[in-house]
Amino acid sequence: MTVKVYGSTMAVCPQRVMHCLFELDVDFDLVPVDLEANQHKSHAHLAMQPFGKIPYVQDGDFGFYESRAIVRYFAEKYAERNPGLLGRTPEQRALVDQWLYVDAINYDPHVFPIVFNLVILPRMGLPPNPAPAMESAKRLEEVLDIYEAHLSKTRYLAGDEFTLADLTHIPATRFVLEEAGMASLLEGRENLKAWWVDISSRPAWKKVMQLLRN
């Protein structure tokens with residue numbers, strides 16, 4: 001049975017899940033959820049995802065939510081298709097989990113205000129609000145300095161192989177660098193820049209971008 005992903009190609013978290021499924025060559029159907037029409041707050045969607053977020057995923061009889069949990073689930077279920085994605089050893093898996101938490105706790109909270117105030121508000125027909133975005137960008141720079149130092153020692157976040165640790169960062173980072181026009185955040189951070197060029201060039205991610213353009 002084909003996996004169903006309830007969400008929008010325009011949103012970060014569904015992009016994270018679709019990228020993982022492409023990396024694992026898992027067929028899926030995208031069930032569109034119109035955010036502008038508030039479909040994620042409808043009774044039907046809340047019955048699946050009580051917090052009114054996207055995506056929600058249905059894999060046969062099993063349905064669940066939270067994108068980082070979803071990518072871990074599929075990476076484990078189809079580990080033979082890409083054994084490095086989740087980490088090959090207990091130590092590597094611990095590092096993958098470490099960076100998944102770093103993304104959720106230390107990275108995303110600074111990224112979201114940038115995206116919301118500079119990208120989402122204009123999409124809603126409202127004026128951008130640069131002041132809180134710039135304040136978050138300053139705090140994000142401190143985090144990026146830590147990433148830069150770490151990536152001077154290893155090619156990817158959890159070692160020398162692409163894993164979920166890298167994958168989880170891609171959608172939000174693209175929004176900041178490209179949609180919000182903050183590519184200057186990479187200036188002077190050569191290791192971070194090389195990492196970004198590498199991970200954003202993956203064929204599976206390009207498939208996500210193709211869905212976005214369609």
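In which loop does Asn38 lie? Asn38 sits in the loop between β2 and α2. The legends below describe close-up views of a predicted model, in which local features need pLDDT of at least 70, side-chain atom pairs count only at pLDDT 80 or more, and totals for chains, interfaces and linings use all residues. Residues are numbered from 1 along each chain as its sequence is written, and side-chain values use heavy atoms, with hydrogens and water left out.

View 1. Asn38 is not a glycine, yet its phi is positive, at about 65°. Helices (H or I, at least four residues) and strands (E, at least two) are DSSP runs, numbered from the N terminus. Pro55 is placed in the loop between α2 (43-48) and β3 (56-59). The peptide bond that joins Ile54 and Pro55 is cis, with omega about 5°.

**View 2. The two annotated domains.** UniProt, in an unreviewed entry, places "domain: GST N-terminal" at residues 1-82. Over residues 1-82 the chain is 35% helix and 22% strand, with the end C-alpha atoms 20 Å apart. The UniProt annotation "domain: GST C-terminal", also from an unreviewed entry, covers residues 89-214. Here the chain is 72% helix and 0% strand over residues 89-214, and the end C-alpha atoms are 39 Å apart. UniProt positions are given in the numbering used here, feature names are shortened, and annotations may be inferred rather than shown by experiment.

**View 3. The largest pocket.** On a 1 Å grid over the protein atoms alone, a pocket is an open set of points with protein on both sides within 12 Å along at least five of seven lines, whereas a cavity is a set of points where a 1.4 Å probe fits but cannot get out; lining residues have an atom within 4 Å of a point. Grid points are joined across faces, edges and corners, and a volume is the space filled by probe spheres set on the points. The largest pocket holds about 1100 Å³ of space. Its lining has 36 residues, of which Ala11, Leu35, Ile54, Phe112 and Ile120 lie nearest the centre of the pocket. At least two lining residues come from each of α1 (12-23), β2 (28-32), α3 (67-77), α4 (90-123) and α7. The most are given by α4, with seven residues. By class, the lining of the largest pocket has 20 nonpolar, eight polar and eight charged residues. (Ala, Val, Leu, Ile, Met, Phe, Trp, Tyr, Cys and Pro count as nonpolar, Asp, Glu, Lys and Arg as charged, and the others, Gly among them, as polar.)

**View 4. The largest cavity.** The count comes to one cavity of 30 Å³ or more. About 80 Å³ of space lies in the largest cavity. Among the residues lining the largest cavity are Tyr107, Leu140, Thr173, Leu185, Trp195 and Trp196. Two or more residues of this lining come from each of α5 (130-151), α7 (170-179) and α8 (190-199). The lining of the largest cavity divides into ten nonpolar residues, one polar and no charged.

**View 5. Packing of α4 and α5.** The axes of α4 and α5 come within 8 Å and cross at roughly 150°. Axes are lines fitted to C-alpha atoms, for helices over the stretch in contact, and angles run from 0 to 180 degrees between N-to-C directions. The two helices α4 and α5 are therefore roughly antiparallel to each other. (Angles under 35 degrees count as roughly parallel, over 145 as roughly antiparallel, 65 to 115 as roughly perpendicular and the rest as oblique.) The crossing of α4 and α5 is left-handed. A crossing is left-handed if the near helix is turned anticlockwise from the far one by less than a right angle, and right-handed if clockwise.

View 6. The axes of α1 and helix α9 (residues 203-213) come within 8 Å and cross at roughly 130°. This makes α1 oblique to α9, and their crossing is right-handed.
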